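Please keep the sequence and the coordinates at hand while reading.

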Amino acid sequence: MNKTSIITALLMAVVMSVSFTGCKSQKKIAAEKAQQELLAKTQKAVADMEAMASKEYTSLDELAADEARLNEIKSYNLEDATAKDLIAKTEAHLASSRKALEEKLAAEQKAKEEAAQAKAQEAQKRDIYYLMDNITGAGNTQEANLMITEAMALFASPDVPVLIEIYNDGDIVDYDRPTTAQKYLDKLKDVQGKPNKIKEFKKDANGKITELILTKQ
C-alpha cells in the first residue's frame, strides 16, 4: 500500500468514527427527549387524576369531560405505579359520581314533574268545582242541564264512581253511599246546595275522570 492509500484509509476511518459518534449522540438525545416527555406526560396525568379523584360533580357535561380525559390517560399505557393506582381510583370515583349525579338529576326531574302534575290537578279541581257550582246556581232546569252536559264531558262515562268521604282518621276512612257522576250532578241540580269539596280524582290515558272523591264541606 502506497502512502496515498494509507492516508485515504486513515481519513475514511476518522470520518466513520465521527459519523458513528454523531449517530450515537443523536439517538441518546432522542432517548433523553422521549424520557423527558414521558415524565412530563406522567406528571400531568397524575396531577389531573388527583384532582378528578376528589372532585364533586354538579353536571354531566363536566363529568363527561373528565371521563374523556381519563380515557386519554389510559391510552398512554403508563408503567408508573402511582399513575396505575390513580387510574383505578379515579375510574371508581367517576363511576360512583355518575351514578349519584344521574340519580340526583332523576329525582329532581321527578319532583318537578310531580309538582307540575299537582299544580295541574289543582287547576282541574277548580274547573270541575266551578262547573258543579254552576249547576247548583243555574237559574232554571234547562240551564242546569246544559251545565251538567258540559261537566259530564270531563268524565270517562256517566257511571264513573263518585265517593263522598264522611270520616277520616288516618288509615280509617268511611264514605257515604257510593254514587255515580251522572247521579251526583243530577242531585246537585235538584238539591240546589253547595257541591262537596273535591279531594282527589283519577284520570285515564285520555284525560277523562275515572273516579272522583269528595269530602263534606
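Two residues are said to touch, or to be in contact, when heavy atoms of theirs lie within 4.5 Å. With that cut-off, I135 touches A144, M147, I148, A151, L185, L188, K189 and Q192, where residues up to four places away in sequence are not counted.

The model is predicted, and for that reason local features need a pLDDT of at least 70 and side-chain atom pairs count only at pLDDT 80 or more, whereas totals for chains, interfaces and linings use all residues. Residues are numbered from 1 along each chain as its sequence is written, and side-chain values use heavy atoms, with hydrogens and water left out.

**Overall make-up**

The protein has five helices and five strands, where helices (H or I, at least four residues) and strands (E, at least two) are DSSP runs numbered from the N terminus. Read from the N terminus on, the order of the elements is α-α-α-α-β-β-β-α-β-β. Of the 217 residues, 25% count as buried, a term that stands for under 20% relative accessible area, with exposed meaning over 50% and partly exposed lying in between (1.4 Å probe, protein chains only). Among the contacts with a separation of 6 or more, 59% come from residues 24 or more positions apart.

The table lists pairs by their separation along the chain and by their C-alpha to C-alpha distance.

| Pair | Separation in sequence | C-alpha to C-alpha distance |
|---|---|---|
| M49 and K89 | 40 residues | 8.6 Å |
| E165 and T215 | 50 residues | 4.7 Å |
| I135 and D190 | 55 residues | 9.4 Å |

M49 belongs to helix α1 (residues 3-52) and is buried, with a relative accessible area of 0%. Residues up to four places away in sequence being left out, M49 touches L70, I73, A83, L86, I87 and T90. L70 and I73 come up again in helix α2, where L63, D66, R69, L70 and I73 are buried. These five cover an arc of only 120° around the axis, which puts them on the same side of α2; the arc is that of the directions from the helix axis to the C-beta atoms.

Neighbours within four places in sequence aside, E165 is in contact with V173, D174, Y175, K199, L214, T215 and K216. E211, in strand β5 (residues 209-215), also counts as buried, at 18% relative accessibility. With neighbours within four places again set aside, the contacts of E211 are V160, P161, L163, E200, F201 and K202.

I135 lies in helix α3 and counts as buried at 0% relative accessibility. How do α3 and α5 pack, at what angle and how far apart are their axes? Helix α3 (residues 81-136) and helix α5 (residues 181-191) pack at an angle of about 40°, with axes 7 Å apart. The axes are lines fitted to C-alpha atoms, for helices over the stretch in contact, and angles run from 0 to 180 degrees between N-to-C directions. The two helices are therefore oblique to each other, since angles under 35 degrees count as roughly parallel, over 145 as roughly antiparallel, 65 to 115 as roughly perpendicular and the rest as oblique. On the α3 side M132, I135 and T136 take part, and they meet Y184, L185, L188 and K189 in α5.

In helix α4 (residues 141-152), the buried residues are A144, M147, I148, A151 and M152. They cover an arc of only 135° around the axis, which puts them on the same side of α4. The face turned away from that buried side carries the exposed residues Q142, L146 and T149, while what covers the buried residues includes α3 and α5.

**A backbone detail**

N77 sits in the loop between α2 (60-74) and α3. Most residues other than glycine have a negative phi. N77, although not a glycine, has a positive phi of about 55°, and N77 is exposed, with a relative accessible area of 59%.
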